[in-house]
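Here's a quick tour for anyone meeting this structure for the first time. Have a look at it, then read on.

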Amino acid sequence: MFDFWIILTACIIAINSSLLGSFLVLRKMSLIGDALSHSVLPGIVIAFLISGEINSFWMLIGASVFGVFAILIIDWLNRFGGFGKDSAIGIIYTLLFAIGIILITSIAKNSDIDVDCVLFGDINTVPLLPKILAIPVPTFNLLIIAVVVILTLLLGLKGFKISTFDKNHAQTLGVSITFWNYLLLGLASVSTVFSFDSVGAIMVIGLIVIPPSFANIITRKLSRFLIISASFAVSSCILGHCIAIYLDIPTVPTIGFLMGLILILTLIFQTFNKNLQQHT
Amino acid sequence: MIKKEHSPILEVHDLTVTYDSKPALYNASFGIPKGSMVGLVGPNGAGKSTLLKALMELVPHSNGYVKFFNENLDSVRKKIAYVPQKESVDWDFPATVFDIVEMGRYGNKSLFKRLNKEDKEIAKEALAEVKMLEYADRHISELSGGQQQRVFIARALAQKADIYLMDEPFAGVDVASEKTIVNILVQLQNEGKTIFVVHHNLQTAVEYFDWMILINKNIVASGPTKDVFTPELLQKTYDGNLTTLEQIGQVIQNKQFSTRKS
């Protein structure tokens, strides 16, 4: 049962991140994961100051609120401030992270919020946490998010597709670009924040970028792209955890390493194959 | 010289668009008669694409208004199809040719409903019209520039609109594609549709369009091609640009005015 919760939690995070990541990658916005990892810090500290508890649900809510807030100002800087997306992300996440650090070292001095905890979560503690309906709390929260993400993507596939491929054309058809953009980024920020808590920021960023990149070299159709992206992420998690147990190394880095390795091997294999075809 | 149109299908009044407080388009006013094939011609940076985007409200207006069928864009959206420059999208997007053409049908109903048989049939017909039916299942990254343009035009055809606005449909397109596209435009005009094309080649402009708008930040002239395509007005539009002026002289000498309608 212990391993079951770890694998299940990792798989849910993998599905959420890789599906939302698919559209982020196609929109060339995958760095938003990096931005969120740091800009949510003030939200965590403020939630702690208000609720007075550490590791609480409120801290995740605070982080999510700041995630959405960060996305809104990044978008505002990009659209009205004339900054490129990458610069806007850089500006905002440094600023918010700095505010977070200042808050921790001054007002919330006694909080023992560990910045490392946000960046490197430990999934192996998940089964030990309190349970709702016999499901560990983080897993339960992530499961709800997964249902929302999958339903939204199924119902809104056409909207995400057209607003990602050609936003000018979509707009001329009367499709609201702002709506689809904020829906995607809003879901991404909530899902990302709740995932940080279990597997850490670096892993979430990896799950946002690597599976879609793998799908991109394998398939040319959007529906298959999403399925391959999610299956790649899920199988890497299961396989990664088994390898981690066998070799007695930590789960999260093993999954990250495995994904990167498969991606690079596939690329090498494809290039080799292409060259071979050209020579015959 | 701006010819007044009494019942224009597209009316633009005092339209001004500014980027960073610099005007990209200044006080544009003109009207287009129904069923015309309009060429929007002017030098680089004259605001041609900006005008087209402003018509579709893709860029904000600083001043003035645009009316289609005497109404605001929002109430007649379904009757207008816009074809952006093909460079404006990422052709590595995971989609087949048919997927893209299908998107022309997205505007006709809620995005949350499935496309029905009729929609698919319309998309297929549109693809056949641009002679790309056999490419339906190809990935869009495998297309040439001309084929990409034809896919975009098929997507617009699938919208079954009355007015077609196209941004540089002949830029970076091979001869065969250009011919196919011209034939489609002629056919659309014969069906009574109005076509509005951003164009940069003066040689072919005089051949393709029966109505012409000369633009250089403001509207220099708008009217039937034979009245507008004069050395004086063209010089005013391309002020000082020698190579272009030579080109103009050559075209005027040849006087190859549109003959296909007579």
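## Helices on the chain B sheet

Let's start with helix H5 of chain B (residues 145–158), which lies across S5 and S6 of chain B and runs at about 170° to S5(B). Helix H6 of chain B (residues 175–190) lies across strand S3 (37–41), S6 and S7 of chain B, at about 150° to S7(B). Helices (H or I, at least four residues) and strands (E, at least two) are DSSP runs, numbered from the N terminus. Contact means heavy atoms within 4.5 Å; axes are lines fitted to C-alpha atoms, for helices over the stretch in contact, with angles from 0 to 180 degrees between N-to-C directions.

One caution: this is a predicted model, where local features need pLDDT of at least 70 and side-chain atom pairs count only at pLDDT 80 or more, while totals for chains, interfaces and linings use all residues. Residues are numbered from 1 along each chain as its sequence is written, chains are lettered from A and ligands numbered from 1 in the order in which they are written, and side-chain values use heavy atoms, leaving out hydrogens and water.

## The sheet itself

In chain B, six strands make an open, mixed sheet in the order S5-S6-S7-S3-S8-S9. Its edges are S5 (80–83) and S9 (218–224) of chain B, each pairing on one side only. From one strand to the next, the twist averages 15°. Two strands count as paired if DSSP finds at least two bridges between them.

S6 (residues 163–167) and S7 (residues 194–199) of chain B pair in the parallel sense over five bridges. Here B:Met166 has B:Val197 in S7(B) as its bridge partner.

## A hairpin in chain B

S1(B) and S2 of chain B (residues 22–32) pair in the antiparallel sense over seven bridges. B:Thr18 has B:Pro23 in S2(B) as its bridge partner. Their hairpin has two residues between the strands, and B:Asp20 takes a positive phi near 50° there.

How does the span of H11(A) fit its residue count? At 1.5 Å a residue, the 26 residues of helix H11 of chain A (residues 222–247) should span 38 Å, and the end C-alpha atoms are 37 Å apart, which agrees. The expected span is 1.5 Å times one less than the number of residues. After H11(A) comes A:Asp248, with a positive phi near 55°.
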